[in-house]
Amino acid sequence: STALAGFFMFSFVSSSVYLFNDIIDLRKDCLHPVKRNRPLPSGKLSVQTAGTVSVLLAAAGMAGGFYLRSGFGYILAAYILINILYTLRAKEVVILDVMTIAAGFVLRVIGGAVLIGVPTSQWLIICTILLSLFLGFSKRRHELTMLEGAANSHRSVLQHYSPYFLDQMIGIVTASTVMSYALYTISAETVEKFHTTNLIYTVPFVLYGIFRYLYLVHKREEGGNPTRIALTDAPLLINMVLWICTASIIIYGTK
């Protein structure tokens with residue numbers, strides 16, 4: 001289907017920019033306790049091979065994106081440009097580094113909507129921005145506390161952050177994320193679309209998910225890899241399954 005093909009095209013482009021970023025950060029990644037085990041820093045993958053694969057993946061993703069839908073192709077191009085900007089400059093600018101990462105996630109959402117030909121929900125964009133900022137600032141906090149004195153040598157922007165400063169921003173985006181989701185569940189647009197006001201009862205699952213993630217960041221000193229946490233932490237997995245089941249029953253069970 002078109003959606004599945006679009007998923008692969010975006011995966012190609014994402015993999016391309018990740019390889020490009022790893023090439024640029026090779027020297028710093030060699031000093032990182034975890035990243036030094038990646039293929040490039042460990043020497044398992046050569047820079048020449050990584051560069052060639054990066055270019056091929058970007059070309060394949062762009063060609064496939066424009067073939068599927070021109071608007072989707074332009075979004076892929078914007079995604080590549082934003083990530084190049086991030087790798088070469090934005091990641092060294094405090095606050096803007098995390099906001100640039102969040103912009104990439106927003107482009108993924110918009111790209112999906114363009115590809116399947118549906119309007120982009122403004123609430124979805126707001127929630128995506130805030131959740132991305134939450135995860136981004138949490139990741140910066142994890143890096144800062146894990147690397148301690150060596151943080152600046154790995155990522156220069158970390159010298160402008162502190163655990164207290166990051167906790168303030170995390171607190172702001174946490175509250176904003178929960179409120180945005182809560183308002184989304186009872187908004188006129190949502191009620192009209194799903195014909196129910198009961199989605200408000202899914203808010204506790206969102207609250208628990210965020211609180212659990214904060215617990216992992218502060219008490220377990222995790223947060224460096226949000227994907228790994230989401231796929232390996234049993235309470236988070238159970239919570240996501242319960243959220244999906246509850247939302248599905250509310251939306252489809254009353255029809």
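## Helices and overall fold

The protein holds 13 helices and 0 strands, where helices (H or I, at least four residues) and strands (E, at least two) are DSSP runs numbered from the N terminus. Its radius of gyration, taken over C-alpha atoms, is 20 Å, close to the 18 Å that the globule rule gives for 255 residues, so the protein is as compact as a globular protein of that length. That rule is 2.2 Å times the number of residues to the power 0.38.

This is a predicted model, in which local features need pLDDT of at least 70 and side-chain atom pairs count only at pLDDT 80 or more, while totals for chains, interfaces and linings use all residues. Residues are numbered from 1 along each chain as its sequence is written, and side-chain values use heavy atoms, leaving out hydrogens and water.

## Size and packing

Along its principal axes, the C-alpha trace spans about 55 × 45 × 30 Å. Of the 255 residues, 40% are buried, meaning under 20% relative accessible area with a 1.4 Å probe, protein chains only.

## A look at Ser 180

Let's visit one residue. Ser 180 sits in helix α9, which covers residues 163–186. Is Ser 180 buried or exposed? With 10% relative accessibility, Ser 180 counts as buried.

Leaving aside neighbours within four places in sequence, Ser 180 is in contact with Trp 123, Ile 126, Cys 127 and Leu 130.

Notes
Buried means under 20% relative accessible area, exposed over 50%, partly exposed in between (1.4 Å probe, protein chains only). Contact means heavy atoms within 4.5 Å.
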